[in-house]
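Please keep the sequence and the model in view while reading.

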Amino acid sequence: LARPAVATRRAARVAVGAGGGGGGDRLGLEPPACGAREYCVGHGAMARSRRVVPRALDSSSMHAPPTDDVDWDNLGFSCEHVSKTMMFVATATLGADGQTWEWKEEGVGPYGALAMDPSAQCLNYGQSIFEGMKAQRTMEGNLVLFRPSENAKRMRDGAARMSMAPPPEDLFLRGVKATVAANAAFVPPNGKGALYCRPLLLGSGPILGLGPAPSYTFLVYCSPVGSYFKGGQLDPIRLKVEEVEHRAAPGGTGNTKCAGNYSPVLNVQLEAKQRGFNDVLYLDAVSNTYVEEVSSCNIFAVFGNKIVTPSLGTILPGVTRKSIMDLARSKGFEVEEAPLAIDDVLRADEVFTTGTAVVLSPVGYIERGEEGREYQNTEVAMSLYEALTGIQQQTMDDPFGWVVTV
């Protein structure tokens, strides 16, 4: 496998709302002479590594076919192959006026560790948000993304909530596309999985007192993945209703994809998995009677020709969630965003979950306390899954214009 060419470094100065003060050192993309694969972020001597001006990608060349270095028939959802990939990096520092962020694109280089100051804001106060996206290989060999502008918007919204420098949409899209193009060999064959892309925004600049970081790092890394849940993509999953701990509360950050939302669910999630469940279904923090979402995905309930999903506010505005709502309406279903009581979910005809990682998974069993309900019907879920994946893989028409070719 020939090593992919790396993208030309570009500098972009973009005027956006700024917070914090001070500047930030540059981020180096060339591994140190000692052989360690590190990217230096923030301030201090550790950040002053030598940089290399990467070669330009030949946009006219065809994308590489899938590599033989991956067992595509036994692909899980993990970082097993991430060390072989390339990643995109850009940094933001405040301009001379102290009001605008100057974005500097470092381009694409080998995946490697970030060397960061212990006083980096993200390590101390949690300025860290991310996105999840997938690139697919179509039957014709094209590499495509699904609604990437929606992810760009959600990251900008999250950055505003977390007082971070928001990556401009063109920078976000350029970084994602460059990452996919540079890792074309790791996009699975059609029908074997996807290349999961993780755009990540970090408050990488150092700060001691509580406040926004003086500089930020935006990067995109990736990994080839298969099914998120063990057992297979379409195997109905088992959910345990959590009635003591809550994922989010009104006025909090439940509707942002910030890193701090996720680790607090691990204790109950791990306990549920030890008992044979796939994941946990959370209730609202006020009345403990309405479902919100699963640890890593949104939830839907089907009642005849009506499909209900919880209202936005404390839950993540999922891109797949939004797409499934549009698809369902196009198929003649009545779709409602409304408070969804757990009692009603336990009486529903069908239940399914959606998300970038899980795609669409039918639910086969939900347990609340001593009460359990099995779901036998998956007809609606399967119909929507086929319509969604058909558009994503370009085996069906895309009347919405959702698919973007890399």
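Helix α2 passes α3 in a right-handed crossing, the term used when the near helix is turned clockwise from the far one by less than a right angle, anticlockwise being left-handed. The model is a predicted one, in which local features need pLDDT of at least 70 and side-chain atom pairs count only at pLDDT 80 or more, whereas totals for chains, interfaces and linings use all residues. Residues are numbered from 1 along each chain as its sequence is written, and side-chain values use heavy atoms, with hydrogens and water left out.

Two packed helices are described by the angle between their axes and the distance between the axes. For α2 (residues 148-161) and α3 (residues 169-182), the axes come within 9 Å and cross at roughly 125 degrees. Axes here are lines fitted to C-alpha atoms, for helices over the stretch in contact, and angles run from 0 to 180 degrees between N-to-C directions. The two helices are therefore oblique to each other; angles under 35 degrees count as roughly parallel, over 145 as roughly antiparallel, 65 to 115 as roughly perpendicular and the rest as oblique. Helices (H or I, at least four residues) and strands (E, at least two) are DSSP runs, numbered from the N terminus.

On the α2 side, P148, S149, N151, A152, M155 and R156 meet E169, F172 and L173 of α3, where contact means heavy atoms within 4.5 Å. These residues divide into five nonpolar, two polar and two charged. In this scheme Ala, Val, Leu, Ile, Met, Phe, Trp, Tyr, Cys and Pro count as nonpolar, Asp, Glu, Lys and Arg as charged, and the others, Gly among them, as polar.

A second pair is formed by α5 and α7 (residues 379-392), which pack at an angle of about 110 degrees with their axes 10 Å apart. Helices α5 and α7 are therefore roughly perpendicular to each other, and their crossing is right-handed. The contact joins T320, S323, I324, L327 and A328 of α5 to L384, A387, L388 and I391 of α7. By class, this contact has seven nonpolar, two polar and no charged residues.

On a 1 Å grid over the protein atoms alone, a cavity is a set of points where a 1.4 Å probe fits but cannot get out, and a pocket is an open set with protein on both sides within 12 Å along at least five of seven lines; lining residues have an atom within 4 Å of a point. Grid points are joined across faces, edges and corners, and a volume is the space filled by probe spheres set on the points.

The largest pocket holds about 1000 Å³. Its lining comprises 44 residues, with F77, R198, Y228, S296 and A357 nearest the centre. Strand β10 contributes the most, four residues.

The largest cavity has a volume of about 140 Å³. Its lining residues include N151, V319, T320 and Q392.
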